Amino acid sequence: MKKRMLFLMSVFVCAAFLSPICSDTACGDEQGSKDLKEQIELLKKKLEMQQQIEALNKKLKEAKKDPMKKAVKKQIKKPRATQKVQAETIRMEQPSLIKIIKNSLKSPHGIDVDKAGNIYVADVVNRKVLVFNKNGVGPIKNIGEGKLRMPWGVCVSGDILYVTDVATHSVKVFDTRGSYLFSFGTKGKGQGSFIRPYDVASDNKGNVYVVDSGNNRIVVMDKKGNYRYQFGSRGQRDGYFSFPTAIEVDEKGNLYVVDTLNSRIQIFSSDGIFLSKFGVVGSEDSDFISPKGIAVSDLIYVSDSDNSAVKVFDKGRKFVGIIDKISKRSFLSSPTYIKKLGNRLYVVDTDKVYILEMFFSRYVEEAVEGAIDGEVSAVENGETGIEDETAPPVTEVDLEMDPSLVP
């Protein structure tokens, strides 16, 4: 304000000073008068500009005091976004050998275990199912003698025993005491017919799943042997098979099928809808060469026959470990069918059955996932057009360069 008063006083002093000089020097002609008026007009314009500058800088100071009066977008970086997750890691320890069942076995194939722990082994050469107690002692019972020509796969469902007979292309049904009940299936490609059925499984809904190996399909029957439906045919695409040999049902009713000549495991819903698969031909940890058997519990066990090993995966199909060494002097040769119950794994290998106790270390690791670069967001920052509080005041040069700054 003081500056403006001083500026006005200087204007009037100048005008008063110029008037007598013109009078004394005979400058009162028209040209002199015109020059004087132009000088006065110029001074007035400078005064108006000075007033505009003061008004604009005053508004700037008010905007600094009130952060709500902001309209210009200012860039602010958010901190990096991170997410802590817990991942379970499973490490398989060396299995402990409990028992080697070799007594009376000549060519064992299918294997299953009942709720009491009794072990049922289909023996092709013996043409019967040999039963051993939970400690591997026996055989304590023979089932199917005189009724079976080439028993291959077995499934215990309550007090019922299903046995696939490759030679007669059928499934023979017994009770667990050994009494023959009935059979279903004949040789052929039609509904309810089989060609070399290699394995059989059942679920808690009364469905019986037969691996119809020669027809490259899975045939579903009811517990009385009546045809329900089938899925699969020969091929390499998802849902197709190349000589499947084994099947397992998990606790959710999903079906795990060993697709032997395609060297993979395929997973289906109980109604035969393809869900997923894993495995390719090879000798790496997650690869297979002619897998023959599968067991599913909290983990997935696959007998990789031509790689002479049983491979273990978690439910996400991530490789956990490999079983090839049984003891210091014993290695797996050509494992075929397997079964898991509790901590025990039963492995059929050539002319014997290994009973192994499995050990796993489980621990949870905390990891940081989802870290992303800082995102840029916009916030309102001033109706005055000023980016921040450190902006310099407006000058005469600013007004000349940008007349729109005039309030």
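Which residues in the largest nonpolar core touch the most other members?

Analyst: A note on the source comes before the reply. This is a predicted model, in which local features need pLDDT of at least 70 and side-chain atom pairs count only at pLDDT 80 or more, while totals for chains, interfaces and linings use all residues. Residues are numbered from 1 along each chain as its sequence is written, and side-chain values use heavy atoms, with hydrogens and water left out.

A nonpolar core is a set of buried Ala, Val, Leu, Ile, Met, Phe, Trp, Tyr and Cys residues joined through side-chain atoms within 4.5 Å. Buried means under 20% relative accessible area, exposed means over 50%, and partly exposed is in between (1.4 Å probe, protein chains only). The largest such core has 30 residues, and those touching the most other members are Ile111, Ile119, Ile265, Ile294 and Ile300. There is also a second, separate core of 17 residues, with Ala295, Val310, Ile338 and Leu356 among them.

Take Ile294 as an example. Leaving aside residues up to four places away in sequence, Ile294 is in contact (heavy atoms within 4.5 Å) with Ala246, Ile247, Glu248, Tyr256, Val258, Ile265, Ile300, Tyr301, Val302 and Ile338.

Aromatic rings come next. Rings of Phe, Tyr and Trp (its six-membered ring) pair if their centres lie within 6.5 Å; planes under 30 degrees apart count as stacked, over 60 as edge-to-face and the rest as tilted. The structure holds 11 aromatic pairs. One of them joins Phe231 and Phe268, a tilted pair with 5.0 Å from centre to centre and 45 degrees between the planes. Phe231 belongs to strand S15 (residues 227-231) and Phe268 to strand S18 (residues 264-268), so this pair ties together parts that are 37 residues apart in sequence. Strands here are DSSP runs of E, at least two residues long, numbered from the N terminus. Both Phe231 and Phe268 are buried, and together with Phe241 and Phe274 they form one aromatic cluster.

Asp165, in strand S9 (residues 160-165), counts as buried because its relative accessibility is 0%. Again leaving aside residues up to four places away in sequence, Asp165 touches Lys147, Leu148, Arg149, Met150, Pro151, Ser170, Lys172 and Pro197. Lys147 in turn lies over the face of Tyr180, at 4.5 Å from the ring centre; a charge sits over a ring if NZ of Lys or CZ of Arg is within 6 Å of the ring centre and within 35 degrees of the ring normal.

Terms used
Helices (H or I, at least four residues) and strands (E, at least two) are DSSP runs, numbered from the N terminus.
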